[in-house]
Amino acid sequence: RLGWSMLSWTRAKQPEAPFPVRKTTLILVLALLGLGLAACGGGSDNVPDGAVAVVDGEEVSKAEFDALMIRAKTSYQQNKRDFPKVGTPEYKTLQDQAVQYLVQQEKYRQKAEDLDIEVSDKEVDERVKQVKQQYFGGNDAQFQKNLKQQGLTVEQVRNEIENQLISEKIYEKVTEGVKVTDNEISAYYDGHKKDYKVAASRDVRHILVAKKALADDVHSQLENGGSFAALAKRHSTDPSSKQNGGKLTVRKGETVPQFDKVAFAIEKNELSEPVKTQYGWHIIEALSDIAPPKQTPLKDVKEQIRQQLLQEKRQKAISDWSKDINDEFDDEITYQVGYAPPATTGTTADR
């Protein structure tokens, strides 16, 4: 599915935001949240020639639409894909999504006024500065070069950054009253205890090599008093453990089956025969007894659960809000002839 958003770097490093952006021009921002774009069938001769739609009296200009399509074409070319020809179903899909993206942005601008949300030039300047610093090391020439490659102007970038800031502020405003109580956390924990159970574990050390012959040779040296740490450092191909003598803590069921079976079958201080896995040949020594499985207490995961439930509630709040404004604007949008999207019976938020 194709869609529309600003480039991946327009948001810079920002905290949790309602409309995440991927590293491509063609992403339907609201679809990432499962928010539907309400559509009305048909077109109207009452829309001015220079517009593709009118949203509650405000025009969505043909110039904005053309700019989006140019960016889409540039993205196709950069990805070595043929841009859909005018008149094809693929082009119509692209056109519909471009128009719907612009219509949705206009809805948000209008609702931002109702919510007393404003975005200042200073805020846009600061975000542009963040973008330049994060992705171009503060180099304006590189920034400008990238804009040219993407078929963008500074004015378009600033406009889309303003839209993103509006979206972020709407998200903050709509979700500012969302809270998670201790009772909700306890109820969630009680209903998902199995998710907070720590499997049986033990400390082991191992040496991983590629060939059976080398594994047999290392095993023989270990049985004859060779230093496990020295042999691990010299021969092991496991970068995460070789420098600390091959030591690691393993949990039941979290390593590959062949390794897992042997690691929990041998006795403490016992050395295994070479074990074949998809990674090569392992020689395993158990360093501790097996620690039995245990339940992680609520206090240790309370904040983790709180953040999870908070995010879910926020997502629902913004989804419900978006559905409500789609319904509110349902009879307030008219499209230029030839630009109306297909009629729909609902939004993705309904599903």
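I took a salt bridge to be a side-chain nitrogen of Lys or Arg within 4 Å of a carboxyl oxygen of Asp or Glu. With this rule I looked up Asp 327 and found a salt bridge to Lys 323, with 3.2 Å between the closest N and O atoms.

**Basis.** I noted that this is a predicted model, in which local features need pLDDT of at least 70 and side-chain atom pairs count only at pLDDT 80 or more, while totals for chains, interfaces and linings use all residues. I number residues from 1 along each chain as its sequence is written, and side-chain values use heavy atoms, with hydrogens and water left out.

**The chain.** I recorded ten helices and nine strands in the chain. Helices (H or I, at least four residues) and strands (E, at least two) are DSSP runs, numbered from the N terminus. The chain has 351 residues, of which 45% count as buried. Buried means under 20% relative accessible area, exposed over 50%, and partly exposed in between (1.4 Å probe, protein chains only). I then turned to contacts, meaning heavy atoms within 4.5 Å. Of those between residues at least 6 apart in sequence, 73% join residues at least 24 apart.

**The sheet.** I traced an open sheet of three strands, ordered S2-S1-S9, with antiparallel pairing. Strand S2 (58–61) and strand S9 (333–335) are at the edges with a single partner strand each, so one side of each is left without a neighbour in the sheet. On average, neighbouring strands of this sheet are turned by 20 degrees against each other, direction ignored. Two strands pair if DSSP finds at least two bridges between them. Strand S1 (residues 51–55) pairs with S9 in the antiparallel sense over three bridges, and I found Ala 53 opposite Tyr 335 in S9.

**Helices on the sheet.** Helix H2 (residues 89–114) packs on the sheet and touches S1, S2 and S9; its direction makes about 35 degrees with that of S1. Helix H1 (residues 62–78) lies across S1 and S2, running at about 35 degrees to S2. For these angles, axes are lines fitted to C-alpha atoms, for helices over the stretch in contact, and angles run from 0 to 180 degrees between N-to-C directions.

**Salt bridges.** I counted 21 salt bridges by the rule above. One of them joins Glu 328 and Lys 111, with the closest N and O atoms 3.3 Å apart. Glu 328 lies in helix H10 (residues 298–328) and Lys 111 in helix H2, so the pair ties together parts that are 217 residues apart in sequence. I noted Glu 328 as partly exposed at 45% relative accessibility, and Lys 111 as buried at 12%.

I next looked within helix H10. Lys 316 forms a salt bridge with Asp 320, the closest N and O atoms being 2.7 Å apart. These two residues are four apart in helix H10, which means that about one helical turn separates them. Lys 316 is exposed at 52% relative accessibility, whereas Asp 320 is partly exposed at 35%.

I returned to Asp 327 and Lys 323, which both lie in helix H10, four residues apart, about one turn of the helix. Asp 327 is partly exposed, with a relative accessible area of 43%, and Lys 323 is partly exposed, with 25%.

My last entry is a network of salt bridges linking Asp 182, Lys 302, Glu 303 and Arg 306.
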